Amino acid sequence: MIIQIFLSGLLISVALFAGLQRTSARIIRYGLLVTVAVGLVFVWAPDQSLVIARKVGIARGADLIFYTWVVLTIALLLFLYLKIVRLSRTLTMLARALALRDPLSPAKRSE
C-alpha cells in the first residue's frame, strides 16, 4: 500500500509538470497525461495489465508494460532528435543571416 501511494504521488507529480508545460508540443503533453493515467490504473489494479496483455497475445502484464515503455522511449527519442535537428537548422540560418548582414573584411578579423 505504501509503494502504491509513493508511485501514485510520482505519477501525479509528472502529470502536474506535464500539464503546466505550455511550451511543449500538445500531442506530447496529452500522450504523457494518458500514460500517467494508465500508470495509475496499473499501480492500483495490477491484475488489469495481465488481462490486457493476454488479450494482445503477451504472456505477462510486466512484459506488456516493458514493451510499452520501450516503444514510448523510442518515440520520445525520435521526437527529441527531430527537435534538435530543427533547432540546429534554425541556428544555422540565424548564423548565416548575421554573417551576411555584418561581414568582416580580412583586415578587421586580424584586429
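The model examined here is a predicted one, and every value below is computed from it. Ser 49, which lies in helix α3, has a relative accessibility of 7% and therefore counts as buried. Beyond its neighbours within four places in sequence, Ser 49 is in contact with Phe 42, Gly 61, Leu 64 and Ile 65.

Ser 8, found in helix α1, also counts as buried, because its relative accessibility is 7%. When neighbours within four places in sequence are set aside, the contacts of Ser 8 are Leu 40, Val 43 and Trp 44. Between Ser 8 and Ser 88 there are 80 residues of separation in sequence, and their C-alpha atoms lie 38 Å apart in space.

## Helix α2: length and faces

Helix α2 covers residues 26-44, and at 1.5 Å a residue its 19 residues should span 27 Å, which agrees with the 27 Å between its end C-alpha atoms. The buried residues of α2 are Arg 29, Val 36, Gly 39, Phe 42 and Val 43. Seen down the axis of α2, these buried residues fall within an arc of 145 degrees, so they line one face of the helix. Such an arrangement can be read against the geometry of the α-helix, in which there are 3.6 residues a turn, so residues three or four places apart point the same way.

The partners against which the buried residues of α2 pack are α1 (2-20), α3 (47-55) and α4 (61-101). On the face of α2 turned away from its buried side are the exposed residues Arg 26, Ile 27 and Val 34.

## Charged side chains

Arg 29, one of the buried residues of α2, lies over the face of Tyr 30, at 5.9 Å from the ring centre.

The structure holds one salt bridge, in which the side chains of Arg 60 and Asp 63 meet at 2.9 Å, N to O. Asp 63 is buried, because its relative accessible area is 18% and the cut-off for burial is under 20%.

## Aromatic rings

A search of the whole structure finds two aromatic pairs. Ring pairs join Phe 66, Tyr 67 and Trp 69 into a cluster.

How values were computed:
Residues are numbered from 1 along each chain as its sequence is written. This is a predicted model: local features need pLDDT of at least 70, side-chain atom pairs count only at pLDDT 80 or more; totals for chains, interfaces and linings use all residues. Side-chain values use heavy atoms; hydrogens and water are left out. Rings of Phe, Tyr and Trp (its six-membered ring) pair if their centres lie within 6.5 Å; planes under 30 degrees apart count as stacked, over 60 as edge-to-face and the rest as tilted. A charge sits over a ring if NZ of Lys or CZ of Arg is within 6 Å of the ring centre and within 35 degrees of the ring normal. Helices (H or I, at least four residues) and strands (E, at least two) are DSSP runs, numbered from the N terminus. The expected span of a helix is 1.5 Å times one less than its number of residues. Buried means under 20% relative accessible area, exposed over 50%, partly exposed in between (1.4 Å probe, protein chains only). The arc is that of the directions from the helix axis to the C-beta atoms. Contact means heavy atoms within 4.5 Å. A salt bridge is a side-chain nitrogen of Lys or Arg within 4 Å of a carboxyl oxygen of Asp or Glu.
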